[in-house]
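Hello,

Here is the structure I promised to pass on to you.

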Amino acid sequence: MITTIIILSVLLLTSIFVNINQLKKQETQTDYIDELETSNTEYYNFFQQLKTKVGQSNSVIKNADRLGAFEASDDVGTSFKIIKEVIEDLNKGF
């Protein structure tokens, strides 16, 4: 009878220890998941704002050169074409 009580007591203590350990691990994982969700939301907001700014920049640059004056100039035209290509590439990516 005493042997049974000792064995059950040891099993109970082991079970309590294992359960407490698992609870700590679960809490750590929950915190990590919360941090990931926050990080993903921040990245999503950043890229949404970037997409909006690229679209606005694309409209502004097309409007600025609606007559083709910038593109026709040699010095300014080269820089303008590069900027325009970058904005168009970014616009395609979004």
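Below is what was found in it, from the whole chain down to single side chains.

A word on the basis: this is a predicted model, in which local features need pLDDT of at least 70 and side-chain atom pairs count only at pLDDT 80 or more, while totals for chains, interfaces and linings use all residues. Residues are numbered from 1 along each chain as its sequence is written, and side-chain values use heavy atoms, with hydrogens and water left out.

The protein chain has three helices and zero strands, in the order α-α-α from the N terminus. Helices here are DSSP runs of H or I with at least four residues, strands are E runs of at least two, and both are numbered from the N terminus. Of the 94 residues, 7% are buried (under 20% relative accessible area; exposed is over 50%, partly exposed in between; 1.4 Å probe, protein chains only). The accessible surface is about 8100 Å² (Shrake-Rupley method, 1.4 Å probe; for residues, only the protein chains shown count as cover), and carbon and sulfur atoms account for 61% of that surface.

Two surface patches may interest you. Patches take residues with over 30% relative accessible area and no salt bridge, joining like charges within 9 Å and nonpolar side chains (Val, Leu, Ile, Met, Phe, Trp, Tyr) within 5 Å. A salt bridge means a Lys or Arg side-chain nitrogen within 4 Å of a carboxyl oxygen of Asp or Glu.

- Nonpolar: Leu12, Leu13, Ile16 and Ile20 share about 390 Å² of accessible area. Leucine 13 lies in helix 1 and is exposed, at 60% relative accessible area.
- Negative: this patch consists of Glu27, Asp31, Asp34, Glu35 and Glu37 (Asp and Glu count as negative; charges are placed at CG of Asp or CD of Glu). Glutamate 27 belongs to helix 1, residues 2-64, and is partly exposed at 45% relative accessibility.

Best wishes
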